[in-house]
Amino acid sequence: MKKAVADVRAACAPEAEALSMRGGSAGRQLMTLAEQIAERIFLSIASGEYAPGDRIREETVAEQLEVSRGPVREALRILEKDSVVRIQPNRGAHVTQLTIKEVGDLFEIRRDLLGAMVRRLAPHNADFVAAIDAGVHELEMAAHGGVDADAYLGVSNRLGRLLADACGNERLADILGSLARQTRRYSMLGLASATRRIESASTWRVMVKALEAGDANTAADAVEDLVDALRREAIRQLALPHPTHTKD
């Protein structure tokens, strides 16, 4: 959390909306203070500053970020909704465990829904395909440029939102957005190596070529392959000996 404090202070005027942008099926909108705090806490968890099982003390975070406890409490509720923390009566918020069973459950749902979403996309106009192609080019540059998993995933998630916005089903897009947040820690495990990020970008390119050809089924197969590859690598990582991981 310490290395995130200065960024939050600079980006968030206390008790006001921050000026960062947040993507969603309804378009880009201002990110609230609570949402920015939630993002900073998440990054602290993902970087290992908080381990699974650790308690996140509301008053400590508020003091570090020089904000009131209200937006911190709201931030923790956001993280609970995304299964990153669990809030228990009289015990506060604790970081949830990463489990192999949850990987299988969540990624199975995400794969099937993403495939269904992409199959709804064809035919699409040239402007849409050009936007997807530009995003995939950015993804390829990121994969070959040595960025870390979180930065790569940020580009990938923007591409996912482009696809979701184009599918025409707002409820499906919202569900997929929630699943993307719930699986974010697992996706970071699945993209931990540079080799995996390059493989991922290559599969995205297969999807773009299929969309250019008007072949929604092949595009959907590529998206499903992306999710399956993330699932397999996340499970492999979780199976490695590590004191904070559980296989149940």
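Leu43 is found in helix H2, which covers residues 33–46. Helices here are DSSP runs of H or I with at least four residues, strands are DSSP runs of E with at least two, and both are numbered from the N terminus. This is a predicted model, in which local features need pLDDT of at least 70 and side-chain atom pairs count only at pLDDT 80 or more, while totals for chains, interfaces and linings use all residues. Residues are numbered from 1 along each chain as its sequence is written, and side-chain values use heavy atoms, with hydrogens and water left out.

- Leu43 counts as partly exposed because its relative accessibility is 25%; buried means under 20% relative accessible area, exposed means over 50%, and partly exposed lies in between, with a 1.4 Å probe and protein chains only.
- Leaving aside neighbours within four places in sequence, Leu43 is in contact with Asp150 and Arg184, where contact means heavy atoms within 4.5 Å.
- Leu43 and Asp150 are 107 residues apart along the chain, and their C-alpha atoms are separated by 8.9 Å.
- Arg205 belongs to helix H10 and is buried, with a relative accessible area of 17%.
- With neighbours within four places in sequence left aside, the contacts of Arg205 are Asp133, Val136, His137 and Glu140.

**Helices H7 and H10**

- Two packed helices are described by the angle between their axes and the distance between the axes.
- For H7 (residues 149–166) and H10 (residues 194–212), the axes come within 12 Å and cross at roughly 15°.
- Axes are lines fitted to C-alpha atoms, for helices over the stretch in contact, and angles between N-to-C directions run from 0 to 180 degrees.
- H7 and H10 are therefore roughly parallel to each other; angles under 35 degrees count as roughly parallel, over 145 as roughly antiparallel, 65 to 115 as roughly perpendicular, and the rest as oblique.
- The crossing of H7 past H10 is left-handed, a term used if the near helix is turned anticlockwise from the far one by less than a right angle, with right-handed used if clockwise.
- On the H7 side, Ala149, Tyr152, Ser156, Leu159, Gly160 and Leu163 meet Arg197, Ser200, Ala201, Trp204, Met207 and Leu211 of H10.
- The residues of this contact divide into eight nonpolar, three polar and one charged; Ala, Val, Leu, Ile, Met, Phe, Trp, Tyr, Cys and Pro count as nonpolar, Asp, Glu, Lys and Arg as charged, and the others, Gly among them, as polar.

**Strands E3, E4 and E5**

- Strand E3 (residues 55–56) pairs with strand E5 (residues 92–95) in the antiparallel sense over two bridges; two strands pair if DSSP finds at least two bridges between them.
- Strand E4 (residues 85–88) also runs antiparallel to E5, joined to E5 by four bridges.
- Ala93 in E5 stands opposite Ile56 and is also the bridge partner of Ile87.
- Val85 has Val95 in E5 as its bridge partner.
- E4 and E5 form a hairpin with three residues between them, and Asn90 in the turn has a positive phi of about 65°.

**Positive phi in two loops**

- Glu66 is not a glycine, yet has a positive phi of about 60°.
- The loop that holds Glu66 lies between helix H3 (58–65) and helix H4 (69–81), and Glu66 is exposed, with a relative accessible area of 53%.
- Ser83, likewise not a glycine, has a positive phi of about 65°.
- Ser83 sits in the loop between H4 and E4 and is partly exposed, at a relative accessible area of 24%.
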